[in-house]
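Reader: Please take me through this model one feature at a time. For each feature, give me the general idea and then the case.

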Amino acid sequence: MTKRHVSLPADAETTLRGFVETVDDRLAGDEDTAAVVEDVLVDLNGDRDAFEAWKNGASVSRAEEARFRNYNPRNATLESEYYAEKDEEAFAASKPLQWLWRQFDDTPLADNIEFALRFRQMLANHLFADAGDNLRLFKGISMTYGHNIELGDNVVIHDGVHLDDRGKLTVGDRVSISDNAHVYTHDHDIVDQTAVENFHTIVEDDARVTQGAMVRAGVRIGRNSIVGARAIAQEDVPAHHVAVGSPAKSVRVKPGFEDDAVPLDAGDRDRKAERKLDSTVPDDVDVFDEFGRS
């Protein structure tokens with residue numbers, strides 16, 4: 001179904017465009033990124049006067065102080081921060097931007113579609129390894145780091161999608177990832193769940209990962225293919241195929257593409273080993289077993 005154009009009133013458009021451009025310029029400048037994020041979140045949450053009073057020595061409750069400190073990403077930790085093999089330098093740069101992304105989604109402005117899409121496009125330009133033009137990134141998208149994600153042009157990612165980039169995630173042009181879908185780039189050993197392997201997961205041009213579907217680590221979703229609702233793609237889905245079920249299997253070729261697609265019985269091949277990434281833990285990292293095993 002085609003979409004219609006929607007516009008904001010002129011004064012609201014001017015205000016919101018100016019805000020996005022101001023944040024964009026500050027993130028692109030020489031300021032400390034964490035300080036910019038703190039500043040933006042204070043204003044987005046309407047806490048400027050109280051925050052400045054606290055900074056100047058005013059007495060506040062412990063809960064208020066915790067809220068004020070939480071605006072600065074240096075005072076927060078993310079789950080991905082604990083991953084032993086992460087690239088420390090890359091994460092130091094991406095963490096403040098991911099914090100702003102997550103905290104923005106909890107503000108009322110995140111429900112203003114026209115504004116929120118442009119704000120997330122701007123953040124994606126700073127956060128992701130590559131961010132194409134005309135992205136439509138909706139509310140509640142989560143990610144591991146952000147800096148290992150590549151998105152093509154005209155990509156649509158809907159509410160509640162999880163983009164795991166513990167490995168590397170490449171999404172092509174005109175891809176649609178529907179509500180609550182999960183796309184993974186890492187996997188756990190079946191015996192020792194603390195043993196993690198990272199992969200390169202690929203969703204090619206014009207593919208669709210539909211509602212509630214899961215793409216496992218190292219899988220390639222072929223060009224112009226479909227992963228059906230709540231399907232689990234554990235093996236490659238060939239171009240132009242429609243794969244459904246758990247585990248997902250190709251059940252048909254999209255009408256009109258029969259001459260371009262491989263036969264159904266030639267699809268669904270496990271080639272993730274070809275996309276395994278080298279991910280080692282530095283020797284100087286102090287590691288621990290989260291389950292408390294010796």
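Reader: Is Arg48 buried or partly exposed?

Author: Burial is read from relative accessible area: buried means under 20%, exposed over 50%, and partly exposed in between, with a 1.4 Å probe and protein chains only as cover. Arg48 has a relative accessible area of 23%, so it is partly exposed. Before going on, note that this is a predicted model, in which local features need pLDDT of at least 70 and side-chain atom pairs pLDDT 80 or more, while totals for chains, interfaces and linings use all residues. Residues are numbered from 1 along each chain as its sequence is written, and side-chain values use heavy atoms, without hydrogens or water.

Reader: Which side chain meets that of Arg48 in a salt bridge?

Author: Side chains of opposite charge can pair when their charged atoms come close. A salt bridge here is a side-chain nitrogen of Lys or Arg within 4 Å of a carboxyl oxygen of Asp or Glu. Arg48 meets Asp43 in this way, at 3.0 Å from N to O. Asp43 is partly exposed too, because its relative accessibility is 44%.

Reader: How many salt bridges does the structure hold?

Author: There are 26. One of them joins Glu81 and Lys95, at 3.1 Å from N to O. That pair links distant parts of the chain: Glu81 is in the loop between helix 4 (62–70) and helix 5 (88–104), Lys95 is in helix 5, and the two are 14 residues apart. Helices (H or I, at least four residues) and strands (E, at least two) are DSSP runs, numbered from the N terminus. Glu81 has 24% relative accessibility and so counts as partly exposed, whereas Lys95, at 11%, counts as buried.

Reader: What is the N to O distance between Arg120 and Asp105?

Author: Their side chains form a salt bridge at 2.9 Å. Arg120 lies in helix 6 (residues 113–127) and Asp105 in the loop between helix 5 and helix 6, so the bridge ties together parts that are 15 residues apart in sequence. Both ends are buried: Arg120 has a relative accessible area of 2% and Asp105 one of 7%. Elsewhere, salt bridges that share partners join Arg26, Glu31, Asp39, Asp43, Arg48 and Glu52 into one network.

Reader: Now the sheets. In what order do the seven strands of the open sheet lie?

Author: Strands of a sheet pair through backbone hydrogen bonds, either parallel or antiparallel. Two strands count as paired if DSSP finds at least two bridges between them. The order is 2-5-8-12-15-17-18, with mixed pairing. Strand 2 (136–137) and strand 18 are the edge strands, each pairing on one side only. Strand 2 runs parallel to strand 5 (residues 156–157), joined by two bridges, and Arg136 stands opposite Val156.

Reader: What is the order of the five-strand sheet?

Author: That open sheet has the order 3-6-9-13-16, and its pairing is parallel. Strand 3 (142–143) and strand 16 (232–233) are at the edges with a single partner strand each, so one side of each is left without a neighbour in the sheet. Within this sheet, two bridges join strand 6 (residues 162–163) to strand 9 (residues 182–183), where His162 stands opposite His182.

Reader: Which peptide bond is cis, and what is its omega?

Author: Most residues other than glycine have a negative phi, and most peptide bonds are trans. The bond between Ser246 and Pro247 is cis, with omega about 0°. Pro247 is in the loop between strand 17 and strand 18, a hairpin with four residues between the strands, in which Gly245 takes a positive phi near 95°. Among residues other than glycine, Asn154 has a phi near 60°; Asn154 is in the loop between strand 4 (149–151) and strand 5. Arg174 has a positive phi of about 60°, and its loop runs between strand 7 (168–171) and strand 8 (176–177).

Reader: Where does Thr201 lie, and is Thr201 buried or exposed?

Author: Thr201 lies in strand 11 (residues 196–203) and is buried, because its relative accessible area is 0%. A polar atom of the Thr201 side chain is 2.9 Å from the backbone nitrogen of Gly218.

Methods: A polar contact is a pair of N or O atoms within 3.5 Å; within protein, one must be able to donate a hydrogen and the other to accept it, and residues adjacent in sequence count only if both atoms are side-chain atoms.
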